[in-house]
Amino acid sequence: LRSISDRAEKLIGIDPILKGREKEWSRGKIVAVGDFLENIDLENDIDLVICKDTLEHVVDPKGFIQKILRKGHEDTLYFFQFPFLETLCDGMRFDQIFHQHLNYFSLKSILKMLDELGCELLDHTINHNLWGSILIVFKKGRNSVKYRRSAKKLSSKEILRKYGVFQQTMDLAQKRLEEFAGTVVYGYGAALMLPVLSYHLKNDFSGLKAILDDDQRKAGLYYINLPVKIIRRDQIADFRNAVVLITAIATFDNVRRILKNVFELNPKQIIVPMNVF
């Protein structure tokens, strides 16, 4: 909001994580609201709505958008970003399905929802480096025919086939790890979603010496459900006889940055659980 504050008379930021800290974050034109959108009385005549990585967590996404639409006008623009089912399936990244995500949208389902809400999709793009998320912009109106033609239907059969390929990838990565029993193996990247990777590999990572991370705040910590300690990378002086498993694989950008760091450590071998990044 600060980055666009010179373009607005008033900016309202809504996030339940701000509860109790509203005064700290409210300054100038910006008003912070520490609550869920569903509990808030919005102002009328909103010109612009930006909603990033939220719709996938919402129990009733259609009702969520309806509430915002009622407070906008005919020219209000709505920018939404959220995970995209097509890129998840195309990359066979089923590790990106989390317990906190209630919805995964395809372009076809987006168009159907917007049509039922009386809205028009103006444009969309994909951020392949950030979860393969889709960014859409829409307004009140009717959907464009060109987007209807490009929206493909994903069948259950196709999704399950690709999930099978993903499972084979996980099985192969686990077999590679088993071949290094008795060798010093480090994980690299104490990612928030590491327990999800653990689930798919069927491995609690108890065989790892430690998980390395560059964030000093994580040093000495553990995951609540994984028996492996997090340590700073600079605590290990020599990696020449060690194997490094990339454990922060959630986004392509993560893997690329981490691989650059790991190459500099010159370990004996590097294992990347996913073969597409």
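**Exercise 1.** In this predicted model, which residues lie nearest the centre of the second largest pocket, and how many residues line it?

*Solution.*
Step 1. The lining of the second largest pocket consists of 30 residues.
Step 2. Nearest the centre of this pocket are W131, L192, M193, A250 and N254.
Step 3. Helix α8, residues 252-265, gives the most to this lining, namely four residues.
Step 4. Sorted by class, the lining holds 15 nonpolar, eight polar and seven charged residues.
Step 5. The volume of the second largest pocket is about 530 Å³.

**Exercise 2.** Find which element gives the most to the lining of the largest pocket.

*Solution.*
Step 1. The largest pocket contains about 1500 Å³ of space.
Step 2. Its lining has 36 residues, and L1, I12, G13, I14 and I50 are the closest to the centre.
Step 3. Two or more lining residues come from each of β1 (11-14), β2 (30-33), β3 (46-52) and α2.
Step 4. Of the elements, β3 gives the most, with seven residues.
Step 5. By class, this lining has 22 nonpolar, three polar and eleven charged residues.

**Exercise 3.** Explain why the buried residues of helix α4 are on the same side of α4.

*Solution.*
Step 1. In α4, residues 107-116, the buried residues are L107, I110, L111, M113 and L114.
Step 2. These residues lie on the same side of α4 because they cover an arc of only 165° around the axis.
Step 3. In general, an α-helix has 3.6 residues a turn, so residues three or four places apart point the same way.
Step 4. The buried residues of α4 pack against several elements, among them α2 (61-70), β4 (72-82) and β5 (119-127).
Step 5. Just after α4, G118 has a positive phi of about 75°.

Key: Residues are numbered from 1 along each chain as its sequence is written. This is a predicted model: local features need pLDDT of at least 70, side-chain atom pairs count only at pLDDT 80 or more; totals for chains, interfaces and linings use all residues. Side-chain values use heavy atoms; hydrogens and water are left out. Buried means under 20% relative accessible area, exposed over 50%, partly exposed in between (1.4 Å probe, protein chains only). The arc is that of the directions from the helix axis to the C-beta atoms. Contact means heavy atoms within 4.5 Å. On a 1 Å grid over the protein atoms alone, a cavity is a set of points where a 1.4 Å probe fits but cannot get out, and a pocket is an open set with protein on both sides within 12 Å along at least five of seven lines; lining residues have an atom within 4 Å of a point. Grid points are joined across faces, edges and corners, and a volume is the space filled by probe spheres set on the points. Ala, Val, Leu, Ile, Met, Phe, Trp, Tyr, Cys and Pro count as nonpolar, Asp, Glu, Lys and Arg as charged, and the others, Gly among them, as polar.
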